[in-house]
Amino acid sequence: MSESTQPTFRQSMERVSRPALVRLTALPRLVIPIATLALVAVGAFAPLPVAVVAFALVFLFIAWISYLSWPAIPTSGKAIRAVMLALIAVLVITRF
């Protein structure tokens with residue numbers, strides 16, 4: 001990339017996300033799935049204001065990881081991520 005070329009949004013996002021991704025990959029493998037499951041449980045059973053925050057955190061995390069991995073994953077992986085985001089949206093809507 002030359003000095004006159006501005007980085008794309010994706011390149012900027014990848015650069016900014018790199019330290020967080022390094023920290024996440026250093027965690028034990030079950031930490032992220034268990035934390036995600038815990039946040040979904042909080043979203044399902046906690047009072048509405050807390051539930052919305054929990055679901056928002058899960059949605060944003062999955063959206064962030066999906067955005068970063070989108071170019072590298074097959075169509076089936078893209079579909080799974082889209083379905084996960086849709087399911088979280090449905091969970092939030094059914095809580096109202």
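The paragraphs below go through a predicted model, from its helices to selected contacts and distances. Because the model is predicted, local features need pLDDT of at least 70, side-chain atom pairs count only at pLDDT 80 or more, and totals for chains, interfaces and linings use all residues. Residues are numbered from 1 along each chain as its sequence is written, and side-chain values use heavy atoms, with hydrogens and water left out.

Helix H3 covers residues 48-69 and includes Ser69; helices here are DSSP runs of H or I with at least four residues, numbered from the N terminus. Ser69 has a relative accessible area of 17% and is therefore buried, where buried means under 20%, exposed over 50% and partly exposed in between, with a 1.4 Å probe and protein chains only. A polar atom of the Ser69 side chain lies 2.9 Å from the backbone oxygen of Ile65, and the side chain of Ser69 also makes a polar contact with the side chain of Arg81, at 3.5 Å. A polar contact is a pair of N or O atoms within 3.5 Å; within protein, one must be able to donate a hydrogen and the other to accept it, and residues adjacent in sequence count only if both atoms are side-chain atoms.

Helix H3 also holds Phe61 and Trp64, which are three residues apart, about one turn of the helix. The structure holds two aromatic pairs. The ring centres of Phe61 and Trp64 are 5.9 Å apart and their planes stand at 55°, so this pair is tilted. For such a pair, rings of Phe, Tyr and Trp (its six-membered ring) must have their centres within 6.5 Å, and planes under 30 degrees apart count as stacked, over 60 as edge-to-face and the rest as tilted. Phe61 has a relative accessible area of 26%, so Phe61 is partly exposed. Another ring, that of Tyr67, has Arg10 over its face, at 4.1 Å from the ring centre; the criterion is that NZ of Lys or CZ of Arg is within 6 Å of the ring centre and within 35 degrees of the ring normal.

What about the surface? Leu48, Val52 and Phe96 make a nonpolar surface patch of about 280 Å², with accessible areas from the Shrake-Rupley method and a 1.4 Å probe, where for residues only the protein chains shown count as cover. Patches are made of residues with over 30% relative accessible area and no salt bridge, like charges being joined within 9 Å and nonpolar side chains (Val, Leu, Ile, Met, Phe, Trp, Tyr) within 5 Å; a salt bridge is a side-chain nitrogen of Lys or Arg within 4 Å of a carboxyl oxygen of Asp or Glu. Phe96 is in the segment after helix H4 (75-95), and Phe96 counts as exposed because its relative accessibility is 67%.

Ala56, in helix H3, is partly exposed at 32% relative accessibility, and its C-alpha atom is separated by 8.6 Å from that of Ile88, 32 residues apart along the chain. Met13 lies in helix H1 (residues 9-26); the C-alpha atoms of Met13 and Ile88 are 75 residues apart along the chain and separated by 23 Å. In helix H2 (residues 31-45), Ala44 is 48 residues from Val92 in sequence and 8.4 Å from Val92 in space, C-alpha to C-alpha.

Key: Helix = DSSP H or I, 4+ residues; strand = E, 2+ residues; numbered from the N terminus.
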